[in-house]
Structures are given as C-alpha cells and as structure tokens.
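Visitor: Please take one part of this model and go through it closely. I would like its setting first, and then how far the prediction can be read.

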Amino acid sequence: MLTEDLRALQLLSRVPYGRVATSMRAMPFVAPARHVVTDGSVLLRMHAGHGYHRACGGGVVAYGADNYGSEDAEQWSVQFTGTAELVEPTAEELEQFGSGPYQVDGHPFEPVYMRLVPQFVAVHTLDYCRERRSQYVA
C-alpha cells in the first residue's frame with residue numbers, strides 16, 4: 001500500500017463518521033455513514049431504512065471524512081473511491097463500531113454494512129494558525 005493511502009486510512013481512523021456519495025436513478029446523493037478501518041479497507045455502517053445501500057452495493061462510491069469541526073491546527077479531509085460490496089461484518093468488526101443510534105429520522109435504526117476497498121485515495125490538508133482560523137468561524 002502506498003504511503004499516501006496509509007496516511008489516509010490513519011487519518012480516517014481518527015473520526016467516526018463520514019459521507020458516502022454515489023448516484024441513485026441517475027441523480028447524485030450523499031449520505032452519512034459510520035466507518036471503521038480494517039485490513040486496508042473501509043467498512044461502512046448505514047441505515048438500511050433509506051435504501052441507499054442498494055444504490056451503493058456493487059457500485060462505485062466515494063467516501064469522505066474530515067476533521068473540519070475540530071480544534072486541530074491542521075485541518076484535513078480524505079476521500080476514498082472504489083467499489084462497495086454489501087457484507088456481513090465479523091464479531092470483531094461489529095465490536096469496533098459500537099452501538100448504533102436508537103432511531104434515524106424517527107424510525108428504528110436498521111444497520112447495513114458495506115466494505116470499500118479503495119482504488120483511488122486523496123488527502124487534502126489546510127493549515128491555519130489559531131488566530132487566523134477563528135476569523136472564519138461563524
């Protein structure tokens with residue numbers, strides 16, 4: 001695995017949530033997902049009730065996450081692009097996820113899992129000194 005790919009996976013492991021993007025009925029969409037990094041791949045957990053996993057499973061998706069809401073001096077974002085496959089996680093992987101939300105949009109949470117093996121990886125960083133960064137906070 002390339003150094004940039006390893007760095008991206010290491011950064012991703014610092015935050016629990018990101019966004020998966022693909023298209024459904026020829027229209028683009030972005031949906032939140034919980035993730036864990038395991039064996040050089042990204043394992044995603046989404047709510048099955050929306051049906052987004054049907055558009056993602058077996059198709060090419062982009063998955064991105066960032067630390068933009070943190071107080072870190074270095075702000076970063078990572079993006080992984082690859083094919084997502086619907087999977088049943090191992091007991092160890094389920095333990096890494098922890099408990100899921102009780103409800104999603106007022107409906108009971110139904111987890112569904114996808115594994116993304118990255119084929120394209122990008123890391124972007126923004127460096128601000130603390131004084132200047134505070135100018136852009138609403």
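Guide: His53 is buried, because its relative accessible area is 10% and buried means under 20% (exposed is over 50%, partly exposed in between; 1.4 Å probe, protein chains only). This is a predicted model, in which local features need pLDDT of at least 70, side-chain atom pairs count only at pLDDT 80 or more, and totals for chains, interfaces and linings use all residues. Residues are numbered from 1 along each chain as its sequence is written, and side-chain values use heavy atoms, with hydrogens and water left out.

His53 belongs to helix α2, residues 52-56; helices (H or I, at least four residues) and strands (E, at least two) are DSSP runs numbered from the N terminus. With residues up to four places away in sequence set aside, His53 touches Ala48, Leu86, Val112 and Met114, where contact means heavy atoms within 4.5 Å.

Gly40 sits in the loop between β2 (27-38) and β3 (41-47) and is partly exposed, at 24% relative accessible area. Gln103, in strand β6 (residues 103-104), is also partly exposed, at 42%. Beyond its neighbours within four places in sequence, Gln103 contacts Pro108 and Phe109.

As for confidence, pLDDT is the predictor's own score for each residue, from 0 to 100. The chain has a mean pLDDT of 88, with 91% of its residues at 70 or more. Where pLDDT is low, predicted coordinates should not be read in detail.
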